[in-house]
Amino acid sequence: MRSFIYTFFLLILPFLLFSACTPEEVGDVTAPKLLSSVPADKAVDVNVSTSVSLFFNEKILLAANAQIKLNNQTVEATSDARTLTISTTLAPSTDYTLTIPDKALSDVAGNFVKTFSITFRTSNTVTAEGTILEAENATLSNGAAIASTIAGYSGAGYVNMNNGNITFNVNATENGYYRVFARYSSGGDKTQDFHVDGQMMAGIHFAQSAQWKETEIATVRLNAGTHSISIIKNWGYISLDYLKIAYVGNTTSPFNIAANLVTPQPSTQAVKVYNFLKENFGKKVISGVIADSTRNTDEPKWVFEKTGKWPALVGYDFMDHTWLNQNWIKYDGPFMQGKRHWENNGLVTLTWHWRDPLTKSGAFYTADTNFDVSKVNDVNSNEYKAIIVDIDTIATYLKEFRNAGIPVIWRPLHEAAGGWFWWGAKGPQPCKALWRLLFDRLVNHHGLNNLIWVWTTDVSASAADWYPGDEYVDVLGMDIYPGENQHGSQYISFNKVKEIFGGRKLITLSECGSVPDPAMMLEYGDMWSWFMVWSGDYTRSDSHNGATWWQKFFSYDYVITRDKMPDLK
Ligand SMILES: [Ca+2]
């Protein structure tokens, strides 16, 4: 036994060590072995800035005519001792196969490495320059399919949405805001839903475009890390070529809210309410609910019964008030109920579903009336005269509020750009003329100095065309019905309104279904001046809001309920 140990240390061990350290010596018949690689074989989410390198167990030599292939393209490579480095620029969201062919690499003894490959996939890392995420590389579902019929696409094709959805995985490099552009083609005007990490964030309007068209669709806020961005089927088919995403920065531009109301010499109380809205804007949100038209106060009462608190703001509607002498209409409903609410420090808002002024048919939907709003420009037309009669009728009700010292947050001609109400049926010009006529008639002719004027906008490309103007509007409202159980932040729309109108006006959620969770408003910065939930299921059903959500809204100290309101009389 002793002689074996002696032999091992003196003769065998030195030979083993010597062999391991100098395999290139004469008698070496073993080719270099791959120890590891960057990226590792079968790696996913590989950063596009990664330098591709292979590491071997011994020094390697690179053949002069080595045809090293990356996705079938020959690439430059350099060897340095045991490392082979590939010269290439990786694209995001791409599957790669790196192939080292026979006779490309050897050790110094001339033992060639047999052909082998490694595969990896790059991530969708987004930078300030913008990253293109081809739709054909995204995850498709519900029948969305790759196509190539429409020429001029980027990458290897595009996706026909059909009835399906397209989901992109995005790797945000930094916390902050990212602009999202879409290159698409569409046979008509369509709308699709935009989801981030499974939350419905905004409805996206795609204008008709037979050719490929790149358009900005949203600015999203992402924390560093991986996120999913989805285009979800809503209405109509589009073809999507790619999304392009670019990092913007970590802040948004500041507001510069108008100091004064647009009404000259407004009432003391209107000024107090406006100042209150301004003081709380961005910090707190005022809770509100519609009072189910003129007929009752069931909705706020229901909220009170479920939570023990009244919403701070209650909405009423002059929907029936231009129908004269109808015994079923409670003409004094908005005033009597609004007055009681105001006396308890609540805020009053009024909408006007303005029924056809001429025929008195009761219709206000474009589909149900051919009332021609463009006649607003012809003072001799019957339409113009009927408009004036109706405005004067409504003025008598607004004067009741004025005479009682009650400011009215006044929101006529809502959702005009949608075109579904007659006041929006003929495009922006007659609608703006009607708004200015309404303003002039109520403010200057009737002396209504208690109104705070709310214009309901959308965020389409034409939103600014519909705007009556800074001198006629105090607050910008959006009506958002995000669908059932969608309490995510609506900051994309909020920030778009701010951007389109220059941050000079307060922004409110003038009507809504599911209310964004106020904690999300705080986190994402879409602290709307107030929210006003619509009646019925929108108020009461758990699928929209319901008792549990109302209790949650009122549990936040930055949600203003009526008991938290100061006396603004
Ligand atoms: Ca494409």
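Domain bounds in this description come from an automatic or database domain assignment. On that basis the chain is divided into domain 1 (25-123), domain 2 (126-249) and domain 3 (268-564), and the C-alpha centres of domain 2 and domain 3 lie 33 Å apart. The structure is a predicted model, in which local features need pLDDT of at least 70 and side-chain atom pairs count only at pLDDT 80 or more, while totals for chains, interfaces and linings use all residues. Residues are numbered from 1 along each chain as its sequence is written.

Consider next where domain 2 and domain 3 touch. Two residues are in contact if their C-beta atoms, placed from the backbone, lie within 7 Å. By this criterion, 10 residues of domain 2 are in contact with 11 residues of domain 3. On the side of domain 2 that touches domain 3, the elements giving two or more residues are β20 (199-206) and β21 (209-222). Here helices (H or I, at least four residues) and strands (E, at least two) are DSSP runs, numbered from the N terminus. Strand β20 gives the most to this side, with five residues. By class, the side of domain 2 that touches domain 3 has six nonpolar, three polar and one charged residues; Ala, Val, Leu, Ile, Met, Phe, Trp, Tyr, Cys and Pro count as nonpolar, Asp, Glu, Lys and Arg as charged, and the others, Gly among them, as polar.

The strands may be taken next; two of them pair if DSSP finds at least two bridges between them. Leu98 has Ile118 in β11 as its bridge partner.

Another open sheet has four strands in the order β1-β3-β8-β7, and its pairing is antiparallel. The edge strands are β1 (34-38) and β7 (76-80), each with a single partner strand, so one side of each is left without a neighbour in the sheet. From one strand to the next, the twist averages 20 degrees. Five bridges join β7 to the antiparallel strand β8 (residues 83-87). Among the partners in β8, Ile86 is bridged to Ala77 and Ser87 to Glu76. The hairpin of β7 and β8 has two residues between the strands, and Ala81 takes a positive phi near 55 degrees there.

The helices remain to be described. Two packed helices are described by the angle between their axes and the distance between the axes. Axes are lines fitted to C-alpha atoms, for helices over the stretch in contact, and angles run from 0 to 180 degrees between N-to-C directions. Angles under 35 degrees count as roughly parallel, over 145 as roughly antiparallel, 65 to 115 as roughly perpendicular and the rest as oblique.

Helix α4 (residues 333-343) packs on α5 at an angle of about 20 degrees, with the axes 10 Å apart. That makes α4 roughly parallel to α5. In this pair, Pro334, Phe335 and Gly338 of α4 meet Tyr397, Glu400 and Phe401 of α5. The contact of α4 with α5 has four nonpolar, one polar and one charged residues by class.

Helix α5 (residues 382-403) also packs against α6 (residues 428-445): their axes come within 10 Å and cross at roughly 45 degrees. The two helices α5 and α6 are therefore oblique to each other. Ile388, Ile391, Ala395 and Leu398 of α5 make the contact with Leu438, Arg441 and Leu442 of α6. Six nonpolar, no polar and one charged residues make up the contact of α5 with α6.

A further pair is α3 (residues 298-307) and α11 (residues 546-555), whose axes come within 9 Å and cross at roughly 75 degrees. Helices α3 and α11 are therefore roughly perpendicular to each other. Val303, Lys306 and Thr307 of α3 meet Ala547, Trp550, Gln551 and Phe554 of α11. The residues of the contact of α3 with α11 comprise four nonpolar, two polar and one charged.
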